[in-house]
Amino acid sequence: MRAPAILFLLYCSLSIASARDSCMTCHSAMEEGTKGPTTLIKNDVHISHGLSCADCHGGDRASDDPSVAMSKAKGFKGKPARTAIPKFCASCHANPDIMRKFAPSERVDQYELYQTSVHGKRLAAGDANVATCIDCHSVHDIRAVKDALSPVHPLHVAETCARCHSDKVKMAPYKIPTNQFDEYRTSVHWEAMTKRGDLSAPSCASCHGNHGAKPPQVESVAAVCGTCHVTFQALYEKSVHKAIFSGRAPSGLGGGGCIVCHSNHGIHQPSTAMLVGPNAVCSECHEAGSAPAQTAAQMAAWIDGLDRALKQSETVLARAEEYGMEVSEAQVRLLDGREDLVKARLALHAIDPGEMRKPIDAGMAVAKETLADGQAALREKDFRRWGLAVSVILIGIAILAIRFLLRRIETNGNSEVRGPQQGPL
Amino acid sequence: MTEKTHLPATQPKNKALDWLDERTGWRMVRDLADHKVVPMHAGTAWYYFGGITLFLFGIQVITGVLLLLYYRPSVAEAFDSVRFIMTRVQFGWLIRSIHSWSANLLILAAFVHMFSVVFTHAYRRPRELTWLTGIALLGLMLGFGFSGYLLPWNQISYFATKVGTDVAASVPIAGPSVARFLRGGEDVGAATLTRFFAFHVMILPLITFGLVGLHLLLVQFHGMSTPSGISPSQLAHMKFFPNFFLRELVVWYGVLAVLGTLAAIFPWELGQKADPFASAPAGIRPEWYFLAQFYTLKLIPSHVWFFEGELLGLLGFGLLAAGWVALPFWAAGRNGEHRDRLVAGAGVFLICYLATFTILGYVK
């Protein structure tokens with residue numbers, strides 16, 4: 001009888017000991033400032049997976065004695081040096097066997113990539129100021145990337161990079177500009193990300209990579225943009241600009257690919273003002289009146305013409321719709337026209353007027369057809385109103401005729417009958 | 001042969017009509033029309049509303065049959081066929097708009113007719129059955145409205161039907177079975193559309209035709225009711241035909257003008273094709289004649305004491321409807337005395353409730 005009782009007590013005491021975390025118990029009892037990460041760690045993704053301080057820092061969390069809990073004999077590593085942090089995290093994150101237990105779909109090549117990055121290379125060279133894991137992911141309150149509060153969630157990546165890259169003092173030794181974030185915030189990509197909530201819109205890491213972060217080289221800019229803008233890239237590859245902007249042309253005009261016209265971080269909504277007019281990017285290379293400048297002007301005129309025609313159709317159809325006319329088919333057709341306009345803008349990148357003429361012609365046909373539909377709907381509206389007026393007049397005449405007939409009947413003495421009303425059948 | 005005819009001796013003989021009368025006795029109907037009279041008093045105008053309701057029902061039948069020539073009752077084709085009617089069929093837009101506007105005016109006219117009967121106390125003995133058939137017809141009109149609303153298979157109608165059948169499903173015991181029967185399955189879908197089509201063009205019309213016939217027969221049998229406190233013998237009467245009929249015709253022409261104006265200036269919207277996977281459109285609400293009940297259910301807390309709020313609301317509506325249907329039976333006391341003030345009070349209360357909650361349902 002005694003043996004089972006002793007075994008039970010032993011089991012209970014072992015269970016209590018295993019559930020106890022002396023790191024949390026002691027550090028949370030400390031004064032503000034020396035409390036360390038105990039408050040932050042509550043939101044940490046590692047804690048939610050059942051890990052604790054000792055799983056990273058080593059030591060014995062079961063011991064109440066600090067000299068035992070934080071003894072080297074118990075494997076206590078303490079706070080790692082900044083230069084050791086990537087390797088410190090990689091001890092688990094580069095180990096597929098460990099990662100499989102907690103996040104099987106998670107990649108395990110982050111450390112490898114980091115070592116190829118500018119940050120990793122400089123860190124290896126002894127520069128402790130470059131970004132390590134904790135500078136982007138935070139420390140002790142590390143959240144999953146998909147967590148909207150994580151500094152590396154798509155919505156926050158640019159701000160996280162900007163913490164260092166917009167800091168003039170920090171960037172001064174590296175002689176790199178600090179205006180990237182300001183420019184990015186004026187771009188269509190930022191607008192798509194923050195105003196439309198499109199998390200697939202590019203931010204810093206989309207072009208520069210995340211763990212293997214490095215600036216794309218001139219030759220690879222078009223390839224970087226082309227990862228999303230696939231068709232634009234395909235047409236650009238066919239254009240005369242490809243050889244010139246990749247820096248391989250004998251003219252020696254240098255390179256830059258897409259960014260020559262669109263810039264890099266501050267990419268704005270393109271318009272035909274980029275082709276003609278005082279701010280035209282074409283005019284930076286092509287003199288006014290030259291054949292290429294004329295081609296650019298011609299293409300701009302086509303695009304503007306189609307845009308105007310589609311807007312006119314849109315306005316007429318909207319007016320018809322306001323009058324309650326059923327024009328949804330034409331409105332859906334108009335979307336085809338809008339698509340042709342996009343295709344025309346796309347075809348522009350081949351710098352081939354012949355390539356562009358096809359969608360322009362198709363779009364103009366749609367604009368013409370839908371305009372005719374809208375105008376027909378407005379004419380139909382007028383016809384209905386006239387029809388209504390005529391019908392109301394005819395109804396009025398009929399009413400007057402009946403009144404006249406009634407008066408005639410009733411003046412002939414057939415107006416009323418006295419006596420009980422009609423009874424049962 | 002002449003013994004069987006109803007031709008008055010003074011009337012000139014017409015061989016063809018005589019032949020027809022001998023075989024059908026049609027002159028009996030004419031004689032009935034000749035003898036039918038309508039009491040003349042301050043409230044005579046209320047008599048027109050029964051006729052207006054009947055006229056609008058006739059328009060519904062005609063325009064409905066015309067729509068049937070092109071409408072296709074399937075999920076894949078319903079919306080496109082209605083759009084085809086609206087855009088490609090000659091005057092299709094007019095037929096559909098008149099059908100939709102007329103449906104709404106019909107329900108409005110039926111409500112006015114019902115309340116005129118209440119306030120003139122025309123439900124009294126011996127007209128209890130006339131009242132009951134009238135109330136049943138009003139219910140059928142609401143059924144037409146509910147079933148017809150889904151037929152264009154657009155976004156609003158799809159989600160309104162979902163909400164409507166969900167309300168039916170929340171009734172205890174029979175509710176889920178009723179909802180499953182209406183939907184033809186667990187959710188609103190292809191089976192619901194074909195079912196609603198069958199209700200709208202076959203089942204409801206068959207019942208309605210029968211009830212309209214019975215209602216008119218009862219009206220004819222009892223004659224027109226006179227306001228309480230006035231003996232029919234004290235009143236002057238006008239002949240139904242042609243005097244009252246021509247006046248009614250003027251009113252019908254007026255209604256036709258209103259219908260035409262509404263259809264031409266505010267053609268009935270088609271909206272967007274129903275997409276069961278899309279989220280419900282913002283501010284979705286039923287047609288105006290269900291709005292008061294819908295808004296009331298929204299106002300009731302989810303739980304009232306031990307009861308589920310929606311269930312309590314439905315129970316309240318059920319009791320209210322049952323009480324209203326039974327009006328002729330509680331409107332008279334055991335000794336035959338009339339509870340006119342109670343009935344008038346109930347009528348005013350119901351009008352105030354319906355008007356206020358319908359307006360609030362639109363505004364909120």
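Predicted model: local features only at pLDDT ≥ 70, side-chain atom pairs only at ≥ 80, totals over all residues.
Residues count from 1 along each chain as written, while chains are lettered from A and ligands numbered from 1 in the order written. Local features need pLDDT of at least 70 and side-chain atom pairs pLDDT 80 or more, but totals for chains, interfaces and linings use all residues.

**Exercise 1.** Work out which helix gives the largest share of the side of chain A that touches chain B.

*Solution.* Start with the contact itself (C-beta atoms, placed from the backbone, within 7 Å): 30 residues come from chain A and 34 residues from chain B. Next, look for helices (DSSP runs of H or I, at least four residues, numbered from the N terminus). On chain A, α21 (328-347) and α22 (353-411) each supply at least two residues. The largest share, 15 residues, belongs to α22(A).

**Exercise 2.** Decide whether E410(A) is buried, exposed or partly exposed.

*Solution.* First place E410(A): it sits in helix α22 of chain A. Then apply the cut-offs: 20 or more other C-beta atoms within 10 Å means buried, 12 or fewer exposed, in between partly exposed, with C-beta atoms placed from the backbone. E410(A) has 16 such neighbours, so it's partly exposed.

Definitions and conventions: Contact = placed C-beta atoms within 7 Å.
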